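Good morning, and thank you for joining the group meeting. Please keep the sequence and the structure in view while I speak.

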Amino acid sequence: MAAQIWYENDGDLSVLDGKKVAIIGYGSQGHAHALNLRDSGVDVVVGLRPNSKSVEFAKEQGLEVKSVPEAVAEADVVMVLAPDQYQKGIWENDIEPNLKPGAALAFAHGFNINYGYIKPSEDHPVFMVAPKGPGHIVRREYVAGRGVPVVVAVEQDPRGDGWDLTLAYAKALGALRAGAIKTTFKEETETDLFGEQNVLLGGVNKLVEMGFEVLTDAGYQPEIAYFEVCHELKMIVDLMNEGGLNKDRWSCSDTAQYGDYVNTCIDEHVRERMEYHLKRIQDGSFAKEFMDDQAAGAPKFKQLQEEYSNVRIETVGPKLRAMFSWNNEAAKDADEANS
Ligand code: NAD
Ligand code: MG
Ligand code: MG
Ligand code: MG
Ligand code: MG
């Protein structure tokens, strides 16, 4: 069955007329949602902890900022854009006790609803508008007159206006310029976790680290190893984005292509690992492991962050990147966007 995709004409901004949207959090996604909705004419209030550094940033942009309980109390739509592991606590302490009857609850990732960490009562519409790109790109594209595609879902629809609200929100975010694909909280959560764990982060990062270590252990120069297993990756990924796997193969030499087919380290046992990890995502055991560690003050997470920031490729990475002068402007732009 073909996916359902909505575009600009499918969303009606007037659905949000006279409604107040509270954006909880002002990080990567929060700033983009607040600013894009505001610039689309939506009445926005940002909810933050009073001592948060983001309060000043949001005010500088001309946004109205309140405490989370105050912002929620006046909102018809509450978009929760705090980090996933804190959303349950924010929900219990600041959102649920202050939510207007019938106010809609929205998310940019299905984690807390899918795994039951947040259970809104049935009178609240619950929807998702999840950008398939980082928040800073969501803002940059909106300003440029374009949009980042989103996946959208409705989990609870007590009045029957859930999809109208979802598409109006997606339009105000600029996302319908690119397209909104219909999904469910379950599908978005499970595929998002699977992708980041096995391919986008966990997969690629391990390939790069291990490739670098195998080459340098074998006596090759780190500068050369870095180029071969890290620096060139972006160019291959750009080709993949333009034209899929066939385009990245087409642009490489026949030698590279033949090696891709017969000399890859990714084999059927990697598929088995992927299927095992998918099961841990589906049965909630990955989510539980992550949330239990967070609840204990994140000791394992912090230890892993420390360990992985010192893998061998990163002990030489900064020096190597600084050598590539053509890289510096792009890196600086990226750092600024992420700061
Ligand atoms: P972030 O870490 O960049 O920002 C989180 C914000 O929440 C910060 O402003 C922080 O100050 C605020 N915050 C933390 N605790 C708070 C509290 N108790 N009360 C109020 N505000 C609090 O987070 P993010 O990466 O934008 O992620 C937000 C949501 O968007 C998550 O559900 C995430 O899965 C989803 N998402 C993120 C991306 C992305 O590009 N980063 C992409 C798609 C979906
Ligand atoms: Mg994702
Ligand atoms: Mg994710
Ligand atoms: Mg090469
Ligand atoms: Mg080559």
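In the UniProt entry, which is unreviewed, the annotation "binding site" covers Y26, G27, S28, Q29, R49, S52, S54 and G135. Please bear in mind that the model on the screen is a predicted one.

I shall take two of these annotated positions in turn. Where does Y26 lie? Y26 belongs to the loop that runs between β2 (20-24) and α1 (28-39). Is Y26 buried or exposed? Y26 counts as buried because 28 other C-beta atoms lie within 10 Å, the cut-off for burial being 20 or more. Leaving out residues up to four places away in sequence, Y26 touches H31, A34, V46, L48, S54, F57 and A58. Of these, S54 is itself among the positions that the UniProt annotation covers.

Let me now turn to the ligand. Which residues come nearest to ligand 1? Among the 24 residues around ligand 1, the nearest are G25, G27, S28, Q29 and H109. The elements α1, α4 (84-95) and β7 (126-131) each give two or more residues to this shell. By class, the shell around ligand 1 consists of 13 nonpolar, nine polar and two charged residues.

In soluble globular proteins, nonpolar side chains tend to be buried together. Here the largest nonpolar core has 63 residues, and V78, A106 and V129 have the most contacts inside it. Helix α7 (residues 162-172) gives the most to this core, namely six residues. V78 touches A22, I24, V72, I95, L99, A103, L105 and A106, again not counting residues up to four places away in sequence. There is also a second, separate core of five residues, including A225, Y226, V229 and I313.

Finally, the overall arrangement. The protein is divided into domain 1, residues 5-183, and domain 2, residues 193-338. Their C-alpha centres lie 31 Å apart. How many residues of domain 1 are in contact with domain 2? Five residues of domain 1 are in contact with six residues of domain 2. On the side of domain 1 that touches domain 2, three residues are nonpolar, two are polar and none is charged.

Technical notes:
Residues are numbered from 1 along each chain as its sequence is written. Chains are lettered from A and ligands numbered from 1 in the order in which they are written. This is a predicted model: local features need pLDDT of at least 70, side-chain atom pairs count only at pLDDT 80 or more; totals for chains, interfaces and linings use all residues. Domain bounds come from an automatic or database domain assignment. Two residues are in contact if their C-beta atoms, placed from the backbone, lie within 7 Å. Ala, Val, Leu, Ile, Met, Phe, Trp, Tyr, Cys and Pro count as nonpolar, Asp, Glu, Lys and Arg as charged, and the others, Gly among them, as polar. UniProt positions are given in the numbering used here, feature names are shortened, and annotations may be inferred rather than shown by experiment. Helices (H or I, at least four residues) and strands (E, at least two) are DSSP runs, numbered from the N terminus. A residue is buried if 20 or more other C-beta atoms lie within 10 Å of its own, exposed if 12 or fewer, and partly exposed in between; C-beta atoms are placed from the backbone. A nonpolar core is a set of buried Ala, Val, Leu, Ile, Met, Phe, Trp, Tyr and Cys residues joined through C-beta atoms within 7 Å. A residue is near a molecule or strand if its C-beta atom, placed from the backbone, lies within 6 Å of it.
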